[in-house]
Amino acid sequence: MSKRKLIGGVAGVALLWLGGPAVAEESDMGPNAPKIYSMYGASMSVGGGVVGFTDDAMRDFASVGGAWDARFVFGTRADIAVEAAYTGGAVSIDALGLDDNAALISSGAEVLGRVNLLKEEWQPYVVAGVGWRHYSIVNSDRNTSSVGEGEDLGEIPMGAGLSYRYQGLVVDGRALFRAAFNDDLIDESATDEKANLHSWQAQLTAGYEF
């Protein structure tokens with residue numbers, strides 16, 4: 001076999017391996033399918049939304065606020081996907097012993113399993129996983145309140161969403177509930193019941209699929 005034929009054969013196999021999944025996916029999604037180079041698909045996105053607490057005792061202290069998110073998904077073209085994300089949020093907090101403009105800031109990370117109910121342009125899905133979050137009080141020069149300066153806790157996020165994919169663009173909307181555990185930010189002696197940090201979040205993100 002000549003050197004030219006050998007190089008041509010290797011190049012042909014490489015093109016089939018790289019291009020095959022994309023061509024197959026185009027037939028599933030139609031002309032709006034992007035040229036991707038992975039059989040399973042992946043995406044990166046950023047966005048924001050609103051966040052709040054579900055517990056009545058916690059809502060006595062904190063209002064609904066803003067949230068932000070940076071997320072990587074592996075498996076956008078598969079039945080099962082995995083997500084890894086950085087998440088953050090900020091809500092105003094009102095408690096005797098804090099300054100009027102005090103805020104409760106959070107940042108965290110989470111890993112979720114995702115079940116894609118469809119693999120077409122419109123893709124509904126459900127997610128669940130585990131996460132970690134850190135809360136801290138900012139914009140207050142004093143804190144003689146029943147709210148601690150900060151708290152690290154674990155979370156179990158779960159929810160559902162709908163993703164739209166068009167020629168590589170991904171727009172994703174979802175609603176999440178995060179059950180918190182090991183949360184002791186609020187002194188129980190100051191409330192009639194424990195103020196749990198269970199939270200909800202609604203968000204919209206945009207990114208690129210590759």
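This section describes the fold, the strand pairing and selected side-chain contacts of the protein.

The structure is a predicted model, in which local features require a pLDDT of at least 70 and side-chain atom pairs count only at pLDDT 80 or more, whereas totals for chains, interfaces and linings use all residues. Residues are numbered from 1 along each chain as its sequence is written, and side-chain values use heavy atoms, with hydrogens and water left out.

The secondary structure comprises 2 helices and 8 strands. Helices (H or I, at least four residues) and strands (E, at least two) are taken as DSSP runs and numbered from the N terminus. Along the sequence, these elements follow the pattern α-β-α-β-β-β-β-β-β-β. Of the 210 residues, 43% count as buried; here buried means under 20% relative accessible area, exposed means over 50%, and partly exposed lies in between (1.4 Å probe, protein chains only). The protein exposes about 10,800 Å², of which carbon and sulfur atoms supply 64%. Accessible areas were computed by the Shrake-Rupley method with a 1.4 Å probe, and for residues only the protein chains shown count as cover. Among contacts (heavy atoms within 4.5 Å) between residues at least 6 apart in sequence, 65% join residues at least 24 apart.

The 8 strands close into a barrel in the order β1-β2-β3-β4-β5-β6-β7-β8, with antiparallel pairing. Neighbouring strands of this sheet are turned against each other by 25 degrees on average, direction ignored. For such angles, axes are lines fitted to C-alpha atoms, for helices over the stretch in contact, and values run from 0 to 180 degrees between N-to-C directions. In general, strands of a sheet pair through backbone hydrogen bonds, either parallel or antiparallel. Two strands are treated as paired if DSSP finds at least two bridges between them.

Several of the pairings can be described by their bridges. Strand β1 (residues 42–53) runs antiparallel to strand β2 (residues 65–74) and is joined to it by 10 bridges; alanine 42 has phenylalanine 74 as its bridge partner in β2. Strand β2 also pairs in the antiparallel sense with strand β3 (residues 80–92), over 9 bridges, and glycine 66 is partnered by alanine 90 in β3. These two strands form a hairpin with 5 residues between them, and glycine 75 in the turn has a positive phi of about 115 degrees. Strand β3 in turn pairs with strand β4 (residues 103–116) over 13 antiparallel bridges, with valine 91 opposite leucine 104 in β4.

The structure holds 4 aromatic pairs. Rings of Phe, Tyr and Trp (its six-membered ring) are paired if their centres lie within 6.5 Å; planes under 30 degrees apart count as stacked, over 60 as edge-to-face and the rest as tilted. One of the pairs is formed by phenylalanine 53 and tyrosine 135, and is tilted, at 6.1 Å centre to centre and 40 degrees between the planes. Phenylalanine 53 lies in strand β1 and tyrosine 135 in strand β5 (residues 122–138), so this pair ties together parts that are 82 residues apart in sequence. Both phenylalanine 53 and tyrosine 135 are buried. The rings of tryptophan 122 and tyrosine 164 also form a tilted pair, because their centres are 4.5 Å apart and their planes stand at 40 degrees. Tryptophan 122 belongs to β5 and tyrosine 164 to β6, so the pair links parts 42 residues apart in sequence. Tryptophan 122 counts as exposed because its relative accessibility is 51%, while tyrosine 164, at 24%, counts as partly exposed. Trp122, Tyr164 and Tyr166 form one aromatic cluster.

Tyrosine 164 is also among the residues touched by valine 171. Valine 171 is placed in strand β7 (residues 169–181) and is partly exposed, at 30% relative accessibility. Not counting residues up to four places away in sequence, its contacts are Leu162, Ser163, Tyr164, Leu204, Thr205 and Ala206.

Most residues other than glycine have a negative phi. Glutamine 167, however, has a positive phi of about 50 degrees although it is not a glycine. Glutamine 167 is found in the loop between β6 (150–166) and β7 and is partly exposed, with a relative accessible area of 46%. Asparagine 182 likewise has a positive phi, near 60 degrees. Asparagine 182 lies in the loop between β7 and β8 (199–209) and is exposed, with a relative accessible area of 58%.
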